[in-house]
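Please read them with the sequence and the model open.

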Amino acid sequence: MESGFGSDFGSDFGSGGGGGGKLDPGLIMEQVKVQIAVANAQELLQRMTDKCFRKCIGKPGGSLDNSEQKCIAMCMDRYMDAWNTVSRAYNSRLQRERANM
């Protein structure tokens, strides 16, 4: 997942959109935004995995039993719900603050 994105990003970034060697600032900003979004999604997944594993898996083994599977599923659902709630509140606050500037 990451290696494919990185190679595409590098080739697009270096070409500058074919504009005679000049870099397009708008294109660069969009590519940076995409990379930041990917990094944020990876960090969210890593944190969620770490927290739910520690909470739900007492003794790691070759497979998960039913209670561990249910715990992992519920933990991940709650984590995503909390993440979405915080994200909406944060974005709403940013919009209010920008409107007041």
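1. Is glutamate 30 buried, partly exposed or exposed? Glutamate 30 counts as partly exposed because its relative accessibility is 46%, where buried means under 20% relative accessible area, exposed means over 50%, and partly exposed lies in between (1.4 Å probe, protein chains only).

2. Before going further, please note that this is a predicted model, in which local features need pLDDT of at least 70 and side-chain atom pairs count only at pLDDT 80 or more, while totals for chains, interfaces and linings use all residues. Residues are numbered from 1 along each chain as its sequence is written, and side-chain values use heavy atoms, with hydrogens and water left out.

3. The mean pLDDT of the chain (the predictor's confidence in each residue, from 0 to 100) is 83, and 79% of the residues reach 70 or more. Over residues 1-18, however, pLDDT stays under 50, and for this stretch the model has 18 contacts beyond four places in sequence, a contact being heavy atoms within 4.5 Å.

4. A search of the whole structure finds three salt bridges, each defined as a side-chain nitrogen of Lys or Arg within 4 Å of a carboxyl oxygen of Asp or Glu. Glutamate 30 pairs with lysine 33 at 3.8 Å, N to O, and arginine 47 pairs with glutamate 43 at 2.6 Å, N to O; glutamate 97 and arginine 93 have their closest N and O atoms 2.9 Å apart.

5. Glutamate 30 and lysine 33 lie three residues apart in helix H2, and arginine 47 and glutamate 43 lie four residues apart in helix H2. Helices are DSSP runs (H or I, at least four residues), and strands are E runs of at least two, numbered from the N terminus.

6. The buried residues of H3 pack against helix H2 (25-56); in H3, Glu68, Ile72, Cys75 and Tyr79 are buried. The largest nonpolar core has eight residues, Leu44, Met48, Cys52, Cys56, Ile57, Ile72, Cys75 and Tyr79, and H2 gives the most to this core, with four residues. Such a core is a set of buried Ala, Val, Leu, Ile, Met, Phe, Trp, Tyr and Cys residues joined through side-chain atoms within 4.5 Å.

7. Glutamate 68 deserves a separate look. Glutamate 68 is buried yet has no salt bridge, and the nearest side chain of opposite charge, lysine 59, is 10 Å away; Lys and Arg count as positive and Asp and Glu as negative, with His and the chain ends not counted.
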